[in-house]
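Please look at the sequence and the structure before reading on.

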Amino acid sequence: MSHLCPLCTLDDKPADALFVAFAGSIRLGERLSAVLHKSRTPHRLGDGVIAVEARTPLERRTVAEVLDYGLTEVEKRLVRVGHGRVSRFFAAPDLKTYLEIARSQWFDLALEKDEFTIYYQPIIDLRAPRTVAFECLIRLESERIYSGAEIVNAATLRGEVLSFDAYARQKAIRLASRQRQKGTQLFVNFFPSSMFDPEPCLKSTIEAIQETGIEPSEVVFEIIECDPYTDSGHTKRICDYFRAMGFRYAIDDLGSGTNTLDLIQTLQPDFVKIDKSIIWNLDDANHQETLRRAVSICAETGSTIIAEGIETPEQAVEVGRYGVHLMQGYCFGKPGPTMRGGPNPDVIRDLLRLAKVVTASSVEVPATADVPASA
């Protein structure tokens with residue numbers, strides 16, 4: 001049987017206007033009531049369930065922060081939080097998760113208004129030298145620029161990785177088609193766990209590719225290797241589907257901790273991206289051996305290696321000594337909203353000097369040109 005806190009003025013408010021905390025026990029419910037009472041927050045307590053009038057996301061976040069401040073860490077893990085009608089309330093598994101969601105309302109607003117955009121980072125072939133591909137990266141330009149990691153985390157908190165992954169792929173294809181030069185490959189990220197069956201899950205992506213006239217061979221699906229929710233067998237079935245449809249695929253972040261070199265032989269990808277943690281620490285013998293083994297295995301499988309995280313000409317030259325020619329990193333261009341047609345001439349000049357290929361006076365460097373937005 002419920003009772004009202006002496007401060008309570010809720011009476012019979014509509015259920016949609018309520019913040020609800022599920023305590024799981026009468027004792028914990030009383031603790032929640034005590035914390036709210038101390039902050040002079042009107043509430044209703046009944047059978048371990050707390051209800052507070054909170055009509056807006058900001059009001060619900062404020063109540064959650066009151067509880068977060070007043071409860072112990074153990075108590076916060078035991079409280080399930082939500083809002084709305086009992087039959088369809090949104091509930092997070094604990095107070096911490098609810099607060100993270102409440103503090104990332106920018107995600108919901110941006111998705112509702114279709115405000116996410118794509119940034120592009122060039123992938124350079126130093127043998128030419130020229131830009132051969134761009135990786136498509138999801139971003140949000142708001143009061144600040146939200147990174148891909150922040151956006152994916154917000155989608156994960158809401159259990160919306162599957163739908164958002166499909167949305168981001170379509171967005172990448174359609175926006176890239178407006179400024180991409182023909183023949184330039186597009187690297188598009190995807191989570192294996194977001195594809196329970198590749199045919200229906202990729203339907204909207206394939207439709208976008210067909211509508212924009214991009215050749216399947218120019219699209220590289222980049223497997224996000226930090227995805228812990230799937231196995232190599234499931235990923236292999238997805239990759240087989242990619243190949244059957246004429247697409248290419250890549251393993252991302254090889255060597256960052258959860259991937260192994262065995263994946264190259266299992267998946268036999270078209271491209272393998274070596275994680276920046278390896279590239280930045282090539283003075284370490286173990287990292288040197290990882291790169292050497294990756295080069296050797298890729299030579300057997302026909303996979304092409306791309307070195308990520310190249311930030312200086314010195315790093316590029318060092319990696320090039322291992323036989324790696326495709327590179328990506330701030331040295332050649334930061335992610336941005338437009339595609340550019342070639343590597344920075346000054347960087348190429350420095351690379352050639354460092355490698356002692358030619359003298360500084362005889363260096364010929366290709367000009368850099370922006371790709372027109374209408375291309």
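The paragraphs below go through several charged residues in turn.

The model is predicted. Side chains of opposite charge can pair when their charged atoms come close. Such a pair is called a salt bridge, and a search of the whole structure finds 20 of them.

Glu73 and Lys76 form a salt bridge, with 2.8 Å between the closest N and O atoms. Both residues belong to helix H3, which covers residues 73-78. They are 3 residues apart, and that is about one turn of the helix. Are the two partners buried or exposed? Lys76 has a relative accessible area of 10%, so it falls under the 20% limit and is buried.

Glu135 and Lys273 meet through their side chains in a salt bridge, at 2.8 Å from N to O. Glu135 is part of strand E8 (residues 130-141) and Lys273 is part of strand E13 (residues 271-274), so this pair ties together parts that are 138 residues apart in sequence. Both Glu135 and Lys273 are buried.

Lys273 has another partner to consider. Its side chain also meets that of Glu222 in a salt bridge, here at 3.1 Å from N to O. Glu222 sits in strand E11 (residues 219-223), 51 residues from Lys273 in strand E13, and the pair links distant parts of the chain. How accessible are Glu222 and Lys273? Glu222 is buried, with a relative accessible area of 0%. Lys273 also counts as buried, at 0% relative accessibility. These residues belong to a network of salt bridges that links Glu135, Glu222, Lys273 and Glu308.

Arg158 is found between helix H6 (148-157) and helix H7 (161-176).

What lies around Arg158? Apart from neighbours within four places in sequence, Arg158 is in contact with Ile101, Ser104, Gln105, Phe107 and Asp108. For Ser104 there is a further detail: its backbone oxygen lies 2.8 Å from a polar atom of the Arg158 side chain.

How values were computed:
Residues numbered from 1 in each chain as written. Predicted model: local features only at pLDDT ≥ 70, side-chain atom pairs only at ≥ 80, totals over all residues. Heavy atoms only, no water. Salt bridge = Lys/Arg side-chain N within 4 Å of Asp/Glu carboxyl O. Helix = DSSP H or I, 4+ residues; strand = E, 2+ residues; numbered from the N terminus. Buried < 20%, exposed > 50% of the residue type's maximum accessible area, 1.4 Å probe, protein only. Polar contact = N/O pair within 3.5 Å; in protein donor to acceptor, adjacent residues only side chain to side chain. Contact = heavy atoms within 4.5 Å.
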